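I opened this model to look up its fold and its aromatic contacts. My notes follow in the order I checked things.

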Amino acid sequence: MSICCAQPIFTLSGTNCAGRTWCGFFRGAGVDWSGAVFYRAGREGLVEDGEAKSRLASLVFKLNEDRSLIREGDLFNADGLRLTIEEIKPQ
């Protein structure tokens, strides 16, 4: 599994953005995708583009190192359904 990240083309604000709402945005992007994970930004609110790009690059690096970090975000599939990832321990 590889993690791919494209530059965001919009900002989600607030806490009540349903998965099906943003699904429409992603369908119009013209690229194949099967899901998305969202993380809460810092408490300081909006930041400059350079800072946002730096934070995104850092997050992508950390996700490639430790994919379990996906559990810390809100994960949705392409149908807008919220997904939960649980670790399965070897038996």
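Reading from the N terminus, I get the element order α-β-α-β-β. That makes two helices and three strands in the chain. I keep in mind that the model is predicted.

The three strands form an open sheet, ordered 1-2-3, with antiparallel pairing. Strand 1 and strand 3 (82–83) are the edges; each has a single partner strand, so one side of each lacks a neighbour in the sheet. I checked the join between strand 2 and strand 3 and found two bridges, running antiparallel. Across from Phe 76 I find Arg 82 in strand 3.

Then I searched the whole structure for aromatic pairs. The search gave one. Phe 38 and Phe 76 make an edge-to-face pair, with 6.2 Å centre to centre and 70° between the planes. I noted the angle because over 60 degrees counts as edge-to-face. The pair links distant parts of the chain: Phe 38 lies in strand 1 (residues 35–38) and Phe 76 in strand 2 (residues 74–77), 38 residues apart.

Phe 76 has 6% relative accessibility and counts as buried.

Last, I took the chain totals. Of its 91 residues, 14% count as buried. The accessible surface is about 7,600 Å², and 52% of that belongs to carbon and sulfur atoms. Among contacts with a separation of 6 or more, 64% come from residues 24 or more positions apart.

Technical notes
Residues are numbered from 1 along each chain as its sequence is written. This is a predicted model: local features need pLDDT of at least 70, side-chain atom pairs count only at pLDDT 80 or more; totals for chains, interfaces and linings use all residues. Side-chain values use heavy atoms; hydrogens and water are left out. Rings of Phe, Tyr and Trp (its six-membered ring) pair if their centres lie within 6.5 Å; planes under 30 degrees apart count as stacked, over 60 as edge-to-face and the rest as tilted. Helices (H or I, at least four residues) and strands (E, at least two) are DSSP runs, numbered from the N terminus. Buried means under 20% relative accessible area, exposed over 50%, partly exposed in between (1.4 Å probe, protein chains only). Two strands pair if DSSP finds at least two bridges between them. Contact means heavy atoms within 4.5 Å. Accessible areas come from the Shrake-Rupley method with a 1.4 Å probe; for residues, only the protein chains shown count as cover.
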